[in-house]
Amino acid sequence: MKLKTLGKALAGVALLSASSGVMAKEAGDWLLKFGAMNVDPKSNNGDVVSVDSDTSVTLSLSYMFTENWAIDVLAAYPFEHTLNLVDGTRIGETTHLPPTVSVQYHFLPNADFQPYLGLGINYTNFFDEELSGPLEGNDLSLDDSW
């Protein structure tokens with residue numbers, strides 16, 4: 001079993017076994033959250049290249065400054081994307097990590113449903129870029145981005 005598949009299965013079990021009770025948030029609280037995130041890249045490559053989406057396991061750690069305001073750090077298991085020509089020909093793949101830091105405002109910290117808004121910054125680090133098929137043997141270099 002691939003490590004990635006095992007990680008996703010463990011995250012699913014953790015989500016299903018999590019307590020459904022509502023917990024009030026207070027200043028000084030640390031919140032550890034597990035989940036899944038989908039990255040669906042869009043590009044302006046026109047009708048040349050398409051990039052598939054990927055879902056991966058995520059871990060988020062938040063610190064509550066007040067019962068409403070928090071800072072959150074999101075980490076994930078690496079995302080893998082296949083690069084295809086629009087006719088479906090596979091031309092390569094890449095892997096990336098998107099660590100993200102955000103500030104969150106929790107509207108109803110003591111309610112059963114606890115929505116929040118976040119504003120943050122993301123640094124995407126690309127690695128393991130490989131070309132295959134008709135482009136095999138060439139170099140692919142993707143720039144990291146903010």
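Me: How many bridges join strand β2 to β5?
Reply: In this predicted model, strand β2 covers residues 49–51 and runs antiparallel to β5. Within the pairing, Ser-50 stands opposite Asn-84 in β5. The number of bridges joining β2 to β5 is three.

Me: Which strand pairs with β5 over six bridges?
Reply: The pairing is in the antiparallel sense, and the partner strand spans residues 90–97. One of its positions is Glu-93, the bridge partner of Thr-82. The strand is β6.

Me: Which residue takes a positive phi in the hairpin of β5 and β6?
Reply: Four residues lie between the two strands of this hairpin. The phi in question is near 100°, and the residue that takes it is Gly-88.

Me: How many residues of strand β5 are buried?
Reply: Strand β5 runs over residues 79–85 and is mostly covered. A residue counts as buried under 20% relative accessible area. Of the seven residues in β5, the number buried is five.

Me: Which residue in β4 does Ser-62 stand opposite?
Reply: β3 and β4 pair over seven bridges in the antiparallel sense. Strand β3 holds residues 54–64, and strand β4 holds residues 69–76. The residue in β4 opposite Ser-62 is Asp-72.

Me: Which side chain meets that of Asp-72 in a salt bridge?
Reply: The structure holds two salt bridges. In the one with Asp-72, the N to O distance is 3.9 Å, inside the 4 Å cut-off. Asp-72 lies in β4 and its partner in strand β1, so the pair ties together parts that are 39 residues apart in sequence. The partner of Asp-72 is Lys-33.

Me: Is Asp-72 buried or exposed?
Reply: Residues under 20% relative accessible area count as buried. The value for Asp-72 is 5%, while Lys-33, its salt-bridge partner, is partly exposed at 28%. Asp-72 is therefore buried.

Me: What is the N to O distance in the salt bridge of Arg-90 and Glu-93?
Reply: Side chains of opposite charge can pair when their charged atoms come close. Arg-90 is partly exposed, with a relative accessible area of 39%, and Glu-93 is partly exposed at 28%. Their side chains meet with an N to O distance of 2.2 Å.

Me: Why does Thr-58 count as buried?
Reply: Thr-58 lies in strand β3. Beyond residues up to four places away in sequence, Thr-58 touches a set of residues including Lys-33, Phe-34, Leu-74 and Ala-75. The cut-off for buried is under 20% relative accessible area. Thr-58 counts as buried because its relative accessibility is 8%.

Me: Where is Met-23 placed, and which residues is it in contact with beyond its neighbours within four places in sequence?
Reply: Met-23 is in the loop between α1 (3–17) and β1 (30–39), and is exposed, with a relative accessible area of 66%. Its C-alpha atom and that of Pro-109 are separated by 8.3 Å, though the two residues are 86 apart along the chain. Leaving aside those sequence neighbours, Met-23 is in contact with Pro-109 and Gln-114.

Me: Which residues do ring pairs link into a cluster?
Reply: A search of the whole structure finds five aromatic pairs. One of them, Tyr-63 with Phe-65, is edge-to-face, at 5.2 Å centre to centre with 85° between the planes. Tyr-63 is partly exposed, with a relative accessible area of 24%. The cluster consists of Trp-30, Tyr-63 and Phe-65.

Me: What pattern does the protein chain follow along the sequence?
Reply: The protein chain has one helix and nine strands. Of its contacts between residues at least 6 apart in sequence, 58% join residues at least 24 apart. Read along the sequence, the pattern is α-β-β-β-β-β-β-β-β-β.

How values were computed
Residues are numbered from 1 along each chain as its sequence is written. This is a predicted model: local features need pLDDT of at least 70, side-chain atom pairs count only at pLDDT 80 or more; totals for chains, interfaces and linings use all residues. Side-chain values use heavy atoms; hydrogens and water are left out. Buried means under 20% relative accessible area, exposed over 50%, partly exposed in between (1.4 Å probe, protein chains only). Contact means heavy atoms within 4.5 Å. Two strands pair if DSSP finds at least two bridges between them. Rings of Phe, Tyr and Trp (its six-membered ring) pair if their centres lie within 6.5 Å; planes under 30 degrees apart count as stacked, over 60 as edge-to-face and the rest as tilted.
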